[in-house]
Amino acid sequence: MTTPPPTVLIVPGLRDHVAQHWQTLLAERLPQAHSLAPMGRDNLGLAPRIQGLEAAVATCSGPVLLVAHSGGCVLVAHWARQTRLATRVAGALLATPPTFDRPLPPAYPQLE
């Protein structure tokens with residue numbers, strides 16, 4: 001019996017959808033890729049985001065490969081601490097986690 005290829009689940013950060021962003025381009029090129037909706041800058045509640053990631057992983061068949069960017073890395077870390085679906089995750093790529101030792105740019109929410 002062969003293991004099915006993993007489903008790539010892209011977890012974006014705080015940016016809105018950008019057609020030429022690497023995560024958008026990656027999702028278009030991989031046959032088993034899905035993306036969570038971008039977090040946006042106004043809807044930053046952690047609990048709904050964790051629930052959304054949990055639901056997305058639950059709907060994937062076979063193993064899951066998480067590909068998170070920026071604020072999505074933080075979401076994956078919080079989700080991993082409490083999920084019951086960790087055994088479904090074959091791996092995680094956390095690309096460019098945010099730096100919290102200095103303020104975010106003006107268009108982004110402040111750390112408080």
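**Close-up views of the predicted model**

**View 1. T96 is located in the segment after strand 4** (strands are DSSP runs of E with at least two residues, helices runs of H or I with at least four, both numbered from the N terminus). This is a predicted model in which local features need pLDDT of at least 70 and side-chain atom pairs count only at pLDDT 80 or more, whereas totals for chains, interfaces and linings use all residues. Residues are numbered from 1 along each chain as its sequence is written, and side-chain values use heavy atoms, with hydrogens and water left out. Although T96 is not a glycine, its phi is positive, at about 55°. T96 counts as exposed because its relative accessibility is 56% (buried, under 20% relative accessible area; exposed, over 50%; partly exposed, in between; 1.4 Å probe, protein chains only).

**View 2. S70 occupies the loop between strand 3 and helix 3**. S70, not a glycine, has a positive phi of about 55°. With a relative accessibility of 22%, S70 counts as partly exposed. Most residues other than glycine have a negative phi.

**View 3. Four strands form an open sheet with parallel pairing in the order 2-1-3-4** (a pair needs at least two DSSP bridges). Strand 2 (33–35) and strand 4 (89–95) are the edge strands; each has a single partner, so one side of each lacks a neighbour in the sheet. From one strand to the next, the twist averages 20° (angles run from 0 to 180 degrees between N-to-C directions, with axes fitted to C-alpha atoms, for helices over the stretch in contact). Six bridges join strand 3 (residues 64–69) to strand 4 in the parallel sense, and V67 stands opposite L93 of strand 4. Helix 2 (residues 46–59) packs on the sheet, where it touches strand 1 (7–11) and strand 3, and its direction makes about 170° with that of strand 1. Helix 3 (residues 71–82) lies across strand 1, strand 3 and strand 4, at about 135° to strand 3.

**View 4. Helix 2 and helix 3 pack with their axes 10 Å apart, at an angle of about 70°**. Helix 2 is therefore roughly perpendicular to helix 3 (65 to 115 degrees; under 35, roughly parallel; over 145, roughly antiparallel; the rest, oblique). Helix 2 contributes L46, R49, I50, L53, E54 and V57 to the contact, and helix 3 contributes L75, V76, H78, W79 and Q82 (heavy atoms within 4.5 Å).

**View 5. R102 and D101 meet through their side chains in a salt bridge, at 3.8 Å from N to O** (a Lys or Arg side-chain nitrogen within 4 Å of an Asp or Glu carboxyl oxygen). The structure holds one salt bridge. R102 counts as exposed at 54% relative accessibility, and D101 counts as exposed at 63%.
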